[in-house]
Amino acid sequence: MFMVAYGKEIGDEKLLRDGIEQFKIHLECLFDADAQLFSHGYHCIEEKRLGAHWGRGNGWVVAALSEIFNILGTENCPDNFKSIFKTVMAKAKSLKTEKGMIRTLVDQEDSYEESTASQLFGYAAIRGNEAEILDESYISWAKEINEALEFYDDGAAKFASGGTDCQDVAGYYNIKFVESGYSDGITLMFLSRFV
């Protein structure tokens, strides 16, 4: 992300190409076309995806892609960036809870609602609309997420899961909620779109 943004800012084509190439590798390795979601990790030696369809991981990818579209313009991105982005966003939207939230495992109905994953998808929904990729229904979804958020007295968002390693599906259910720098950062990023 930094390479693309900085490469664009200073007009460095090599940085831009390298940044885009890194995105391509991530998408090729992590996108699960059958599930229409991203897997949590990838084993380079065994050439296989690892973990489950982790909410925050999926959120990071779509949020980053939405930034790339707004930095470069969709016409300057590889075609599959836009199609994968739209596919994952539509799939996640179809799996959201009644309150609009995303679960810590996006496609597991008994997995808990998780605030950072939800906010990252909300951010991507708004930025994807700004890039003219997503329709107005995604703005409505982002507003649903905003209305569903709960906060501690110090302003931190509740229900943000702690650090999450690639693991068996069962392990994701036991990750405790924590307040962290990344959860605060995600909250600021998301809420900045409503100012």
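User: Where is isoleucine 10 found?

Analyst: Isoleucine 10 sits in helix H1, which covers residues 2–10. Bear in mind that this is a predicted model.

User: Why is isoleucine 10 called partly exposed?

Analyst: Its relative accessible area is 44%. Buried means under 20% and exposed means over 50%, so isoleucine 10, at 44%, counts as partly exposed.

User: What makes the nonpolar surface patch?

Analyst: Phe2, Tyr6 and Ile10 make this patch of about 340 Å². A residue in a patch needs over 30% relative accessible area, and isoleucine 10 has 44%.

User: How do you know that H3 is mostly covered?

Analyst: Of the 18 residues in H3, 15 are buried, where buried means under 20% relative accessible area. Helix H3 takes in residues 55–72 and reaches 26 Å from its first C-alpha to its last, close to the 26 Å expected at 1.5 Å a residue. After H3 comes glycine 73, with a positive phi near 85°.

User: Which elements does the protein have?

Analyst: There are 8 helices and 4 strands, and from the N terminus on they run α-α-β-β-β-β-α-α-α-α-α-α.

How values were computed:
Residues numbered from 1 in each chain as written. Predicted model: local features only at pLDDT ≥ 70, side-chain atom pairs only at ≥ 80, totals over all residues. Heavy atoms only, no water. Helix = DSSP H or I, 4+ residues; strand = E, 2+ residues; numbered from the N terminus. Expected span 1.5 Å × (residues − 1). Buried < 20%, exposed > 50% of the residue type's maximum accessible area, 1.4 Å probe, protein only. Patch = residues over 30% accessible without salt bridge, like charges linked within 9 Å, V, L, I, M, F, W, Y side chains within 5 Å. Areas by Shrake-Rupley, 256 points an atom, 1.4 Å probe, with all protein chains shown as cover. Salt bridge = Lys/Arg side-chain N within 4 Å of Asp/Glu carboxyl O.
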